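Please open the structure in your viewer and keep the selection tool at hand. The stops below say what to select and what is there.

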Amino acid sequence: WGSWSLTLFLLLHSMLTLSSGCFVEERAALLDIQSSLIRAHSPIALDSWGKDGDDCCSWERVKCNNTTQRVSHLDLSSVYFTMDVDDRWYLNFTVFSAFRELQYLDLSYNYQCLLSSEGFVGLAKLRYLDLSDTMWEVGFPEFIGEIVSLEVLTLNGNRMTGGLPDA
C-alpha cells in the first residue's frame, strides 16, 4: 500500500506542477518586466500577461521548455518606443536571472531603452541575444564574454564606441 500512495502522490504533484505553468520566480520576473514598461508609458505594455492566469507559458512572446516548463524563449522586440525624447525604459538585466533555462532573448528595436549589464551572468544556457537598435551608447558590452553558451549576438544599429575587449 505504501508504494501505491507514493505513486499517487507523485502523480498528483506532477499534475499540479504542470497545470500551473511556469515557475513562480519566472512569472514574477515577467510581471516585473511588464511593470517597468507601464512605468515607462509604453504603448505596448504586454496587457495579456497575467490575464490568462498563472500559466506564463501561454503568454504572448513567451515560450517554455515542454519538459521542464521553464521559460526558454523571450521575445521582447519592439515592445517599447516613444515619441517623447525625455521618456526612457529602464530595464535592469538582473530580472533575467530568474530564467535559468533561457536560450533565446530578443530585446531589439526598443528605442530609448537604457540597459544595465548586471544580471546576465546567471544565464548559462543563453544561445541567442539580440540587442539591435536599443540605443546602447557605451563601449562593447563586457558582460557578453561571461555568457559562455552564446552562439548568436546581434548589435546592429547601436552607437557603440571603442574596440572589442581582449579575450
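The tour goes from confidence to salt bridges and then to a surface patch.

**Confidence**

Begin by colouring the protein chain by pLDDT, since this is a predicted model. The chain has a mean pLDDT of 78, with 72% of its residues at 70 or more. Select helix H1, residues 2-19: confidence is lowest here, at a mean of 48. Then select strand E2, residues 71-75, where confidence is highest, at 96. Go back to residues 8-19, over which pLDDT stays under 50. For this stretch the model has one contact beyond four places in sequence.

**Salt bridges around arginine 70**

How many salt bridges does the structure hold? There are four. Among them is the one between the side chains of glutamate 25 and arginine 70, at 3.2 Å from N to O. Glutamate 25 sits in helix H2 (residues 24-39), while arginine 70 is in the loop between strand E1 (62-64) and E2, so to view both, select two parts of the chain that are 45 residues apart.

Is arginine 70 buried or exposed? Arginine 70 counts as buried because its relative accessibility is 9%, and buried means under 20%. Glutamate 25 has 30% relative accessibility and therefore counts as partly exposed.

With Glu25, Glu26 and Arg70 all selected, you have a network of salt bridges in view.

**Arginine 61 and aspartate 75**

Next, select arginine 61 and aspartate 75, which form a salt bridge whose closest N and O atoms are 3.9 Å apart. This pair links distant parts of the chain, 14 residues apart: arginine 61 is in the loop between H2 and E1, and aspartate 75 is in strand E2. Arginine 61 counts as partly exposed, at 28% relative accessibility. Aspartate 75 counts as partly exposed too, at 27%.

Where is tyrosine 111? Look in the loop between strand E4 (104-106) and strand E5 (113-116). Tyrosine 111 is partly exposed, with a relative accessible area of 37%.

Terms used. Residues are numbered from 1 along each chain as its sequence is written. This is a predicted model: local features need pLDDT of at least 70, side-chain atom pairs count only at pLDDT 80 or more; totals for chains, interfaces and linings use all residues. Side-chain values use heavy atoms; hydrogens and water are left out. Helices (H or I, at least four residues) and strands (E, at least two) are DSSP runs, numbered from the N terminus. Buried means under 20% relative accessible area, exposed over 50%, partly exposed in between (1.4 Å probe, protein chains only). pLDDT is the predictor's confidence in each residue, from 0 to 100. Contact means heavy atoms within 4.5 Å.
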